[in-house]
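This briefing goes through one structure by topic. Please keep the sequence and the coordinates open while reading.

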Amino acid sequence: MAAVEATVGPARPRRGSRGGAFAILFAPVSLLIVLFLVPMLLMVQVSTLVDPFDPSSGSTLQHFANVLTDPLNRKIAVTTFLIASTAMVLMLAVAIPLASFMVFRAGKWELPLLLALVVADELNPIVRIWAWRMILGRQGIVNWFLQTTRITDAPVEWLIFTPFAVIVVLSAGYLTYTTIPIYAAMKAINPALFEASVDLGAGWWIRTRKILIPLAAPGIFVAMILVYVPMLTDFVSPDLVAGTGSTMLGQRVTQLILEGADWGNGSALTFVLLVATVLLSLLAFRLARLNRIQT
Amino acid sequence: MDGGLAGGEGGLVAEAARPAGARAAVSAPAGVRVRRGVTLGGRALFILAVLAILFGPLLILVVFSFNDSTILSFPWAGFTTRWYRQAFEDPQLRTALLNSIVVSFIVAPLCLVIGTLTAFGLTRFRFRGRGAIAGLVGAPLVLPWLVIGIAALLAYRHQWVDLDLGLNTVVATQVICTFPLVTAIVAAQLFRFDRLQEEAAVDLGCSRLQVLRHVILPHIAPAVAAGAIFALTWSFNNFEISFFTIGFQQTFPIWVYSTVRDSEHLPVVNAISTVISVVQVLLIWAALKLMRARGGATAPGVDTRPARGAA
Amino acid sequence: MNPNGSTAEDRTGEIELERVVKAFGEVTAVDDVSFTIRGGEFFSLLGPSGCGKTTTLRLIAGFEEPTSGRILLQGGDVTRVPPGKRNVNMVFQAYALFPHMTVAENIGFGPKIHKLGKAEVAERTFDILRVVQLEGMEDRRPGQLSGGQQQRVALARALVNHPAALLLDEPLGALDLKLRKEMQLELKALQARTGTTFVYVTQLATPKELYQRPATAFVAGFIGVSNLITLRADRREDGLVVMDLGEGERILAPDPGTGGDVSITVRPEWIKLASGEVGPRASHVSGTIADVVYLGSLTQLLIDLRTGERLSVHRLNDEISAEEPRPGDRIVLHWAAEHSYVIGSGVAPAGPQEKVETT
């Protein structure tokens, strides 16, 4: 008797499919609507209220105008993009070789490395960021090392509470989510392609540039989607290791809403961030799709 | 093997290759030659660097948690466990820990149930609007937590809603953000599941419920369990959502956050963090073991019964 | 002169393996192999899986380095030369076409690496496309091509570099039967036209010669030849080796001159059911019918001899005979001495458990 083939694909429709689906999905969908969609809508509403605390106070777009024209916000936005982009580039510079190593050269170390990446990510993020403070701080490990080895006399100032610190912390924090999609994409590449290219005379550089990267590109795009947006809105990392010159958008929102009780501008800024991140995600998704190869 | 060939030059010559000593299937290792340039040492260095980035900070934390000094740095002032004692005597920390545990132990089962239900609903039925619902379910995973947290805060404190912030609001919003993760994990497993096994069971007389209990659930149990552990850890670790929806109370991450910003007795943070991290590592390791255990056992649909009759 | 224009002295396209051994840890895949492939030849390596034929091919290509021994291309020692620098190209089992490049880009890959000018790359590409009959496909992607077309792109990609030898690793395995037969003919034609040495590794596609005249006893067993008999050399006369079975029964075969026992095989359709006198240069043996299998145009009789072998005899169903043979009947067989094909000395291998598909 022939082995039964696994059927992979969309589930076959069942009798009375509408009814069954409705029954099962009613609770989750209702919860999503009540606890997810409604708050979003309420936030949008608040951002258009004249008095954010009084829903009957009429509509206005003033908050949006404030938020979008405030030079401080502009500056913070630019800083945020620069920091996030730098961190992104840095992570790609590490993740791509790392993923490549894991897939092609690691052998028995491939799985432990993957495990290490996953486990590292499940540890408490606050704790991890705090640990970086101990490393980069004025009395931290790095400075201690530099001073005891007489490389410097005084603590290096720019290690902490500067954009540098934020970039390091962000990069370390999001490295796992950057590496894993790239790793998955590379794993799907047919290894015979590399042999074929070697047979035709390709050296290491050509193999990487013309075979590895183009075929891993969809994974690289997915990584960027997964990571760039959270970095833009991250407020914990900068809050713990950034200085006043490296404030990021997430912090600004928190400042407005929690410290300033400025719900109008705060919610407007949040909404702007929401729209921006959705657009970015869609764009990146599009690019990833376009790059997908029909094998 | 004698040299030379049987048959004419240019013709389709056949010569049986001499059977070598090995009859077993030999899979040759990848034939691409290793570059002489990048040495074994260079690669090992790279890997060590990556591991250092991932775990170094944590190791520092652990080391300093035993350092008998209030300054969180070298030089080493002696071994002590007093920070651990202080940690467990700190009432604020105890409350925060308790809150975290309570919240995560409520959130995880809720996510399990809702997430698994959703996974079933999305993979086993076909209906119009399925794509839209799937999108809705995936949305909390895609949108930034900052946005979700702020929106939740504004909604709860909105005049029309006027809910006090506390652990219940934390639970509510965390569940919404986490159950899609469980859905994703379980759906992936359901996707791979061979429906024919189910139909075979029905054919043999099982009721729908029995099919569920005896055929489907055992198959997805590891994925569900793994999802539960991830949900537990995620909830415990969660900062953003909790931060905005908890009001004046604290969970463990929030306690760490406020302590390192304002307070003095920082080594306590190291001590308790070490403990928590160890527990989490063990939990995650168990979860991954669970996921792999089933992954290898039986591929869906493979006929594992002994062959009958002529091949 | 060889097909590719080389003479006997010229070594263009010649491949030689000199006492090559390849071991992977404790497993020896290639055990002291030496042979020469002449330039311009279409050389096939046939064997069961795990016998080392693919490893041998990869040794020639340069993807494996021999544990000991030498590999020579055109007289030069290339044992330590990396695969990209040997003047041979490989066609991989599943074609390994670059999915993100067009057909033209795939083909142009090698020439571009060797820094040929744009014009020449284009010219070579179009030439080879014509040779493999894929004109007009240059802008397609591999995913848009059929299996046979992909196969030809793989060939083109290798041949465009004008290698001295082309190595083919089970290139037809993924194709259906009809396509496979067509491609076999095309490959032969291609090889003849280009004059390149082809080294072809496969498990399938046994030609008629191999079936009728297996080179060794092992080959015979592998490809499913039946009617393997160990001929005990009781006496030799008139250029024949004779095994006496008593009562006038005997099995004969042409004497290969090697002395000792021989293993032979007889084609099922050459064995006749005796009815009358049998000449002196014919084997003559009796047996019991074990099974009768009706196969449409012929009937297969399985007959157990006293010597223990089971012979398969084919009888055309062109007469309706009053006596249909039945299992248990005694029957007498004979066949001409020349139809005993000697496949080696010594004991014949046991008959195959299952037939290998011959195409």
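Two strands count as paired when DSSP finds at least two bridges between them. In that sense L17(C) has I71(C) in β4(C) as its bridge partner. The model is a predicted one, with an ipTM of 0.84 and a pTM of 0.73.

**Confidence in chain C**

- Chain C has a mean pLDDT of 81, with 84% of its residues at 70 or more.
- Helix α2 (residues 103-113) of chain C has the highest confidence, at 93, and helix α6 (residues 208-212) of chain C the lowest, at a mean of 58.
- Residues 1-8 of chain C stay under 50 in pLDDT, and the model gives them 19 contacts beyond four places in sequence.
- Residues 351-359 of chain C are also below 50, with 16 contacts in the model beyond near neighbours in sequence.

**Overall make-up of chain C**

- Chain C contains seven helices and 19 strands.
- Of the 359 residues in chain C, 41% are buried.
- Contacts in chain C between residues at least 6 apart in sequence join residues at least 24 apart in 68% of cases.

**The four-stranded sheet of chain C**

- Four strands of chain C form an open sheet in the order β2-β1-β4-β5, with antiparallel pairing.
- The edges are β2 (27-37) and β5 (76-77) of chain C; each has a single partner strand, so one side of each lacks a neighbour in the sheet.
- Strand β1 (residues 15-24) of chain C pairs with strand β4 (residues 68-73) of chain C over five bridges, in the antiparallel sense.
- Helix α1 (residues 53-61) of chain C packs on this sheet and touches β1, β2 and β4 of chain C.
- The direction of that helix makes about 60° with the direction of β2(C).

**Strand β13 of chain C**

- Strand β13 (residues 262-266) of chain C is largely enclosed by the rest of the structure, because five of its five residues are buried.
- In a regular strand, side chains alternate between the two faces of the sheet.
- One side of β13(C) carries V262(C), I264(C) and V266(C), the other S263(C) and T265(C), and both faces are covered.
- Strand β9 (residues 228-231) of chain C runs antiparallel to β13(C) and is joined to β13(C) by four bridges.
- Within this pair, S263(C) in β13(C) stands opposite T230(C).

**Helix α8 of chain A**

- Helix α8 (residues 192-199) of chain A is mostly covered, with six of its eight residues buried.
- Those buried residues are F194(A), E195(A), A196(A), S197(A), V198(A) and D199(A).
- Their cover includes α9 (204-233) of chain A, together with α1 and β6 (88-91) of chain C.
- After α8(A) comes G201(A), which has a positive phi near 105°.

**Contact between chains A and B**

- The contact involves 84 residues of chain A and 78 residues of chain B.
- On the side of chain B that touches chain A, helix α1 (residues 40-65) of chain B gives the most, with twelve residues.
- That side of chain B consists of 55 nonpolar, 14 polar and nine charged residues.

Conventions:
Residues are numbered from 1 along each chain as its sequence is written. Chains are lettered from A and ligands numbered from 1 in the order in which they are written. This is a predicted model: local features need pLDDT of at least 70, side-chain atom pairs count only at pLDDT 80 or more; totals for chains, interfaces and linings use all residues. A residue is buried if 20 or more other C-beta atoms lie within 10 Å of its own, exposed if 12 or fewer, and partly exposed in between; C-beta atoms are placed from the backbone. Helices (H or I, at least four residues) and strands (E, at least two) are DSSP runs, numbered from the N terminus. Two residues are in contact if their C-beta atoms, placed from the backbone, lie within 7 Å. Ala, Val, Leu, Ile, Met, Phe, Trp, Tyr, Cys and Pro count as nonpolar, Asp, Glu, Lys and Arg as charged, and the others, Gly among them, as polar. Axes are lines fitted to C-alpha atoms, for helices over the stretch in contact, and angles run from 0 to 180 degrees between N-to-C directions. pLDDT is the predictor's confidence in each residue, from 0 to 100.
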